[in-house]
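Open the model in your viewer and keep the sequence beside it. We will go from stop to stop, selecting as we go.

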Amino acid sequence: MSDAALWSALADPHRRAIVALLLERPRPVGEIVAACGLSQPGTSKHLKVLRDAGLVRVRQDAQRRVYALDPAPIAALDAWLEPYRRLWNRSLDTLGRRLDETSDETPHPPPPKD
């Protein structure tokens with residue numbers, strides 16, 4: 001699995017919807033088709049892209065194919081995003097402090113009279 005394949009697979013909103021469904025639990029293709037409102041061939045193409053990127057695994061259950069998330073690529077994405085998350089948290093903390101300071105400096109209107 002390459003990083004490019006991973007990002008490319010997640011770039012499509014239909015594939016992100018499938019990943020969100022599989023986050024809840026493994027599902028057979030028929031359930032994914034019904035939940036996403038796509039055709040069966042269209043859903044199968046999206047599942048192939050997700051499988052090729054390593055995001056999902058498939059197992060045969062009698063006549064059904066059941067898809068499940070593979071947590072390893074998601075963990076790799078999370079690790080890649082961590083420095084950016086820290087950056088945003090610092091920026092948001094700074095913004096919050098500045099808003100608190102501004103709020104303390106701004107006179108508040110008197111409460112309404114009953």
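Which residue just after α3 takes a positive phi? Select Gly 37: its phi is about 70 degrees.

Before moving on, note that this is a predicted model, in which local features need pLDDT of at least 70, side-chain atom pairs count only at pLDDT 80 or more, and totals for chains, interfaces and linings use all residues. Residues are numbered from 1 along each chain as its sequence is written, and side-chain values use heavy atoms, with hydrogens and water left out. Helices (H or I, at least four residues) and strands (E, at least two) are DSSP runs, numbered from the N terminus.

**Stop 1: helix α3**

Select residues 29–36, helix α3. Color Val 29, Ile 32, Val 33 and Cys 36, the buried residues of this helix. Buried means under 20% relative accessible area, exposed over 50%, and partly exposed in between (1.4 Å probe, protein chains only). The four cover an arc of only 100 degrees around the axis, which puts them on the same side of α3. That arc is taken from the directions from the helix axis to the C-beta atoms. An α-helix has 3.6 residues a turn, so residues three or four places apart point the same way. Now show α2, β1 (27–28), α4 (40–52) and β3 (64–69): the buried residues of α3 pack against them. Contact means heavy atoms within 4.5 Å.

**Stop 2: the sheet**

Select the three strands. They form an open sheet in the order β1-β3-β2, with antiparallel pairing. β1 and β2 stand at the edges, each with a single partner strand, so one side of each has no neighbour in the sheet. Two strands pair if DSSP finds at least two bridges between them. β2 (residues 56–61) and β3 pair over six bridges, while β1 and β3 pair over two. Click Tyr 67 in β3: Val 58 is its bridge partner, and Arg 27 stands opposite Tyr 67. Next, find the hairpin of β2 and β3, with two residues between the strands. Ala 62, in the turn, has a positive phi of about 60 degrees.

**Stop 3**

Where is Pro 109? Look in the segment after α5 (71–105). Pro 109 is exposed, with a relative accessible area of 68%.
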